[in-house]
Each structure stands twice: as C-alpha cells, then as structure tokens.
Amino acid sequence: MKKRILALIMVTLFFNLTACNNSNGKTSSVYEISLSSDYDNSNEKSLSFFAMDTYMNFKAYGENAKTAVNEASALVEDLENKLSVTNPESEISKINSSANNAIKISEDTLALISTALDVNKKSGGAFDITIYPIVKLWGFTTGKYEVPNKEEILKNLEYVDSSNITLNEKEGTVTVPQNIEIDLGGIAKGYAGKKAAEKIRSMGIESALLNLGGNIQTIGSKPDGSAWGVSICNPEDSSKQLCRIEVVDKAVVTSGGYQRYFEENGKSYHHIIDPKSGYPAENGLLSVTIVDEDGMLCDALSTTLFVLGKDKALEYCEKYGIEAILMTDDKKIYVTDGLKESFSIIDQTSGYFLAE
Ligand code: ADP
Ligand code: MG
C-alpha cells in the first residue's frame with residue numbers, strides 16, 4: 001500500500017511539475033505534454049501505480065473509463081508476475097532455472113520470446129534477450145552497480161546467444177541449455193502497454209493515454225479529437241523537453257543511455273548492452289525513439305537501434321519500414337520520413353538541429 005501511495009505522489013509530481021525529470025537514474029524520457037487540460041477532462045479517470053520497476057499512469061476518457069484503467073493496470077501487474085526476471089515464481093525464472101527442460105509458457109511469454117527472436121535475427125544480434133548474465137554482472141538488476149573485470153565479461157559473453165533458445169510454438173514451450181538466461185527487460189514494458197491498450201479498446205474506450213515509465217501508448221486521439229502531443233527529453237539534460245511528436249493510436253518508446261546508469265571513476269555506464277562486447281553500447285547515439293502501432297515492437301526496436309548506432313539504425317528503418325527519431329552526440333536529430341510532418345523541435349536553445 002505504501003508503495004502505491006509513493007507511486008501516486010511521484011507520478012503527480014512528475015506530471016505537474018517536472019516533465020522529463022530524472023529520478024535516481026530511472027528516467028521517463030517521454031511524456032504527454034498536453035496535461036494542463038486544453039481539452040475537457042471532466043470525464044477523465046486517472047490511475048497511478050508502480051509496476052515493472054517504474055511509475056505508471058493510465059488515463060482514460062468516457063463511459064467505463066474507471067473500470068478500464070483499473071482492469072488495464074491489473075493486467076500489467078499480472079504480466080509483471082509472469083515476466084519479471086527477479087521474481088522466482090515468474091515463467092522467466094522457471095525457464096532460467098530449468099536448463100534443458102521444456103517449460104510450458106503462456107501466450108504472452110510466447111509472443112514476447114517469438115518477437116525477441118525475430119528482432120535478434122533481423123538486427124544481426126544487436127537485440128538479444130540472453131543478455132541477462134551480462135546485465136547481472138553490471139548490477140543493473142540488483143542496483144549493486146560495478147564495472148566487471150574483462151575476463152568475467154568475456155566468460156559470460158559465451159552465454160549470450162539467442163540461437164540457444166528453443167521455442168516450440170506448437171507445444172507452447174521453451175527450452176534453454178545450462179547457463180543461458182533470458183531477460184525481457186528490453187521489450188516487456190512495450191508489450192504491457194500494447195496489451196493494456198487492447199484491453200481498454202475492448203471496453204469501448206476511444207481516448208486514453210498510458211504512460212509506462214516513459215513508454216507511451218496512446219489509444220485513439222485526445223477527447224477533443226486532436227492528436228496527442230508526446231515530448232522527448234533532451235538526452236543531455238533530461239529535465240528539459242527537446243522535441244515533440246504528434247500521434248494518434250500509436251506507441252512512442254524511447255531508449256537512452258541516460259535512463260538508467262551509474263558512474264565510476266568519472267565515467268558513466270548505462271544499461272543498454274552491446275551483446276558483441278558485453279559493455280554499454282557507445283556509438284554516438286544518445287537516444288532512440290520509435291513510433292509504431294505496436295508498442296511491443298517499439299520497445300524492442302528502441303533498444304535494438306540504440307545498440308546498432310546511427311547508420312545501421314537508419315538502414316534498419318529503411319529496410320523494415322520503421323519510423324524513428326535518433327539523437328546523436330553531435331546534437332543532430334534524425335527523423336524518418338513518415339514522422340517529419342508531425343515532428344517539431346520545442347527547445348530552440350538546445351543547440352540540437354535536424355540532420356538533413
Ligand atoms: P528501459 O527498460 O529503461 O525503458 P530499454 O527498453 O532500452 O530501456 O531496455 C533496457 C533493458 O533491456 C536493460 O535493462 C536490460 O534488461 C535489457 N537489455 C540491455 N541490453 C540489451 C540488448 N542488447 N538486447 C536485449 N535486451 C537488452
Ligand atoms: Mg526497449
């Protein structure tokens with residue numbers, strides 16, 4: 001209960017005062033900026049809660065809105081129980097602790113692993129859910145951060161290879177060999193947003209906004225029929241909004257090195273790992289935002305493209321028809337064609353500019 005009250009306070013602060021605010025390294029990089037009601041919100045139902053290690057806020061409008069946000073949040077909590085790598089009762093923990101045994105999994109886990117394997121192939125291994133042994137070494141799951149020694153990284157890199165996962169879609173089972181461990185941290189929140197949106201739509205709601213710790217999922221348009229405005233933070237100062245994208249019925253998901261990180265000897269280390277090196281991806285990209293109907297895909301791809309780096313990320317977008325916004329450390333913003341009309345820079349003093 002205490003956790004819920006804290007969540008409520010945090011989200012209220014977050015929304016009303018501190019857009020793009022950074023709370024102990026867990027940042028919501030994206031949030032909905034049309035909060036100070038330029039539309040009639042008298043029939044708004046808003047619910048704040050803590051799940052999947054982050055603060056979430058669901059808002060829905062119209063008849064059934066209250067039931068819809070309650071049921072959608074319950075659905076997210078259910079998913080967390082199935083997917084959390086730190087909950088020993090979760091399906092993921094069962095897979096990770098049952099080497100060489102086929103473990104029966106739910107449709108949710110199956111859909112997630114199936115998409116993760118597809119993105120792994122398409123990205124040449126940049127997205128890899130068997131990254132868990134390395135994520136643990138860096139302390140990103142426990143919060144006991146440390147720079148591991150090189151030998152440890154090299155030893156554990158041997159276990160990072162998604163081709164070790166056997167997914168039997170017909171039987172609904174998954175099997176991993178000894179030492180291979182799965183972590184859905186790069187995709188689960190997006191899936192939760194997607195399923196919550198499906199639930200809310202199924203209840204006849206035509207306007208809702210779900211913020212899953214910076215993963216934004218919109219349902220329909222704002223109650224007045226206009227598009228939702230979603231802002232993206234300045235990756236070098238996440239207390240500031242840098243640009244904005246207008247969307248209807250889409251998810252907007254950002255991955256950035258500034259979202260979860262620690263510092264050691266003056267150098268900062270973030271939580272998105274390049275599976276080739278075992279170190280945080282460092283390639284000049286500061287943040288990647290994906291905009292798509294499918295929130296699960298958005299989440300997987302924001303992590304993936306962040307690892308790939310700007311050139312390969314743009315190639316990926318071109319090849320697979322993905323819409324993205326990339327920010328680089330030379331202050332350029334790359335926006336794919338399909339987003340150009342709905343994109344704008346809101347902080348003209350930031351020094352960031354649109355790349356040609
Ligand atoms: P966040 O969850 O903070 O919004 P991401 O969606 O980018 O950010 O996911 C980062 C998480 O994904 C990490 O905390 C880790 O659990 C996992 N992860 C890190 N690197 C990779 C990778 N290369 N492929 C797949 N998952 C990864
Ligand atoms: Mg992701």
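**Salt bridges and their setting**

Author: Arg244 and Glu246 are joined by a salt bridge in which the closest N and O atoms lie 2.8 Å apart; the term requires a side-chain nitrogen of Lys or Arg within 4 Å of a carboxyl oxygen of Asp or Glu. The model is predicted, so local features need pLDDT of at least 70 and side-chain atom pairs count only at pLDDT 80 or more, while totals for chains, interfaces and linings use all residues. Residues are numbered from 1 along each chain as its sequence is written, chains are lettered from A and ligands numbered from 1 in the order in which they are written, and side-chain values use heavy atoms, with hydrogens and water left out.

Arg244 is buried, because its relative accessible area is 16% and buried means under 20% (exposed is over 50%, partly exposed in between, with a 1.4 Å probe and protein chains only). Glu246, at 37%, is partly exposed.

Another bridge links Lys240 to Asp237, with 3.4 Å between the closest N and O atoms. Here Lys240 is partly exposed at 41% relative accessible area, and Asp237 is partly exposed at 27%. The side chains of Lys310 and Asp311 also meet in a salt bridge, at 2.9 Å from N to O; Lys310 counts as partly exposed, with 25% relative accessibility. The whole structure holds 17 salt bridges.

Some charged side chains belong to a patch instead. Glu146, Glu151, Glu152 and Glu264 form a negative surface patch. Patches take residues with over 30% relative accessible area and no salt bridge, joining like charges within 9 Å and nonpolar side chains (Val, Leu, Ile, Met, Phe, Trp, Tyr) within 5 Å. Lys and Arg count as positive and Asp and Glu as negative, with His and the chain ends not counted; the charge is placed at NZ of Lys, CZ of Arg, CG of Asp or CD of Glu. Glu152 is partly exposed at 35% and sits in helix H6, residues 150-157. Helices (H or I, at least four residues) and strands (E, at least two) are DSSP runs numbered from the N terminus.

The loop between helix H5 (132-137) and H6 contains Thr141, which is partly exposed at 28%. Thr141 touches Val85, Thr86, Tyr132, Val135 and Lys136, leaving out residues up to four places away in sequence; a contact means heavy atoms within 4.5 Å. Its C-alpha atom is 9.9 Å from that of Asp183, 42 residues apart along the chain.

Two loop residues have a positive phi without being glycine. Met52, with phi of about 50°, is in the loop between strand S4 (44-51) and strand S5 (54-61) and is buried at 15%. Asp53 lies in the loop between S4 and S5, has phi near 65° and is partly exposed at 33%.

As for the chain overall, its secondary structure comes to nine helices and 20 strands. Of its 356 residues, 55% are buried. The accessible surface is about 15800 Å², with 46% belonging to carbon and sulfur atoms; areas come from the Shrake-Rupley method with a 1.4 Å probe, and for residues only the protein chains shown count as cover.
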